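Trainee: Please take me through how the parts of this model pack against one another, one contact after another.

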Amino acid sequence: MIESVPMHKAFEKKIIPYLDGALSKEDLAEFEAFVRTHPEFNAKVKARQEELQLLTGKIPAAVLSPASREALENEMRTSIFNLLREEPEGLFDGLRIRWEEFRNR
Amino acid sequence: MKRNDLFQLVAPLSEQLYRFAYTLIPDDLQAEQLVIDSLNAYLIKEQKQIIKLEFDPKNKREAQKLRRFYFKGLLKYLSDIGIRRSGQLTDQLKDMRPPGHAEFYGLEARVRIVMGLRYDARFSVEEIAEILAIPRYEVIEKLHNGRFLLLDNLLPGATP
């Protein structure tokens with residue numbers, strides 16, 4: 001067995017940057033080649049992946065109720081119509097803009 | 001870009017924007033207000049850029065691309081305002097922490113948003129750096145710190 005433990009250690013340090021998408025192109029190619037040629041290393045990658053999943057579970061996944069969602073979207077609509085100026089492209093477009101402004105007052 | 005088209009593009013983002021706002025301020029009303037304030041700031045500051053973009057409602061691929069563009073733009077303002085607001089509410093935040101997420105809210109606001117962008121929304125490190133206008137290495141550093149502090153709570157002795 002020519003492979004040395006330090007080689008594994010060096011690649012172990014790259015697992016998290018790999019999962020984070022933070023490896024450079026060269027490092028990524030080297031890392032993927034190493035994983036492909038060392039199937040036993042896959043277990044370490046999977047263990048780290050599981051750790052990250054555990055972490056993701058700690059990030060709150062807040063959900064809006066349907067009523068709150070509708071209210072928020074209505075407020076977003078009002079903001080867009082009040083704050084964004086649209087240039088009319090002709091008479092009818094001008095009327096459309098005025099009508100929309102009237103509806104969203 | 002017509003106002004109604006813009007609304008059609010950003011309305012489906014309301015849920016995700018709220019989710020991010022909540023990672024900064026864990027209070028329903030304040031998180032909703034943060035979404036609206038960020039949208040207002042974005043519309044005022046980036047008006048020219050927003051209005052000049054052409055939109056073809058029939059082209060779904062183009063719509064997806066534009067929606068992502070607006071999402072990133074909105075997240076930029078949401079992070080900026082939210083981090084400042086979260087700093088002002090530090091004492092109140094201690095009482096707001098939802099059960100099961102106390103460790104997460106123990107992290108610095110900037111670390112929380114980086115963690116949310118990476119592990120929840122699956123943005124790349126480069127995209128996060130662009131959204132938060134910080135160098136790439138700073139994103140990696142914040143991910144590392146966040147992981148270390150959270151994992152230390154979950155699995156004492158684990159390496160980040």
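Trainee: Which residues in helix 5 of chain A and in helix 1 of chain B meet?

Mentor: This is a predicted model, in which local features need pLDDT of at least 70, side-chain atom pairs count only at pLDDT 80 or more, and totals for chains, interfaces and linings use all residues, while side-chain values use heavy atoms, with hydrogens and water left out. Residues are numbered from 1 along each chain as its sequence is written, and chains are lettered from A and ligands numbered from 1 in the order in which they are written. Helices are DSSP runs of H or I with at least four residues, numbered from the N terminus, and contact means heavy atoms within 4.5 Å. Chain A brings A:Glu73, A:Met76, A:Arg77, A:Ile80 and A:Phe81, and chain B brings B:Arg3, B:Asn4, B:Leu6, B:Phe7 and B:Val10.

Trainee: How do the residues of that contact of helix 5 of chain A with helix 1 of chain B divide?

Mentor: Ala, Val, Leu, Ile, Met, Phe, Trp, Tyr, Cys and Pro count as nonpolar, Asp, Glu, Lys and Arg as charged, and the others, Gly among them, as polar. By that grouping, the contact of helix 5 of chain A with helix 1 of chain B divides into six nonpolar, one polar and three charged.

Trainee: At what angle do helix 5 of chain A and helix 1 of chain B pack, and how far apart are their axes?

Mentor: Axes are lines fitted to C-alpha atoms, for helices over the stretch in contact, and the angle runs from 0 to 180 degrees between N-to-C directions. Helix 5 (residues 66-83) of chain A and helix 1 (residues 3-10) of chain B pack at about 150°, with axes 10 Å apart. That angle makes the two helices roughly antiparallel, a word kept for angles over 145 degrees.

Trainee: At what angle does helix 5 of chain A pack with helix 3 of chain B?

Mentor: Here the partner is helix 3 (residues 28-45) of chain B, and the axes are 10 Å apart. Helix 5 of chain A and helix 3 of chain B are therefore roughly parallel to each other, since angles under 35 degrees count as such. Among the residues that meet are A:Leu72 and A:Leu83 from helix 5 of chain A, and B:Val35 and B:Leu39 from helix 3 of chain B. The angle is about 20°.

Trainee: How much area do chain B and chain A bury between them?

Mentor: Buried area is the accessible area (1.4 Å probe) that two parts lose on being put together, summed over both. The contact takes 47 residues from chain B and 40 residues from chain A. With 64% of it on carbon and sulfur atoms, the buried area is about 4,200 Å².

Trainee: How many salt bridges are there between chain B and chain A?

Mentor: A salt bridge is a side-chain nitrogen of Lys or Arg within 4 Å of a carboxyl oxygen of Asp or Glu, and over all chains the count is 15. B:Arg147 pairs in this way with A:Asp20, the closest N and O atoms being 2.5 Å apart, and B:Glu103 pairs with A:Lys58 at 3.8 Å. The latter pair runs from helix 7 (residues 102-105) of chain B to the loop between helix 4 (42-56) and helix 5 of chain A. Between chain B and chain A, the count is three.

Methods. Parallel < 35°, antiparallel > 145°, perpendicular 65-115°, else oblique.
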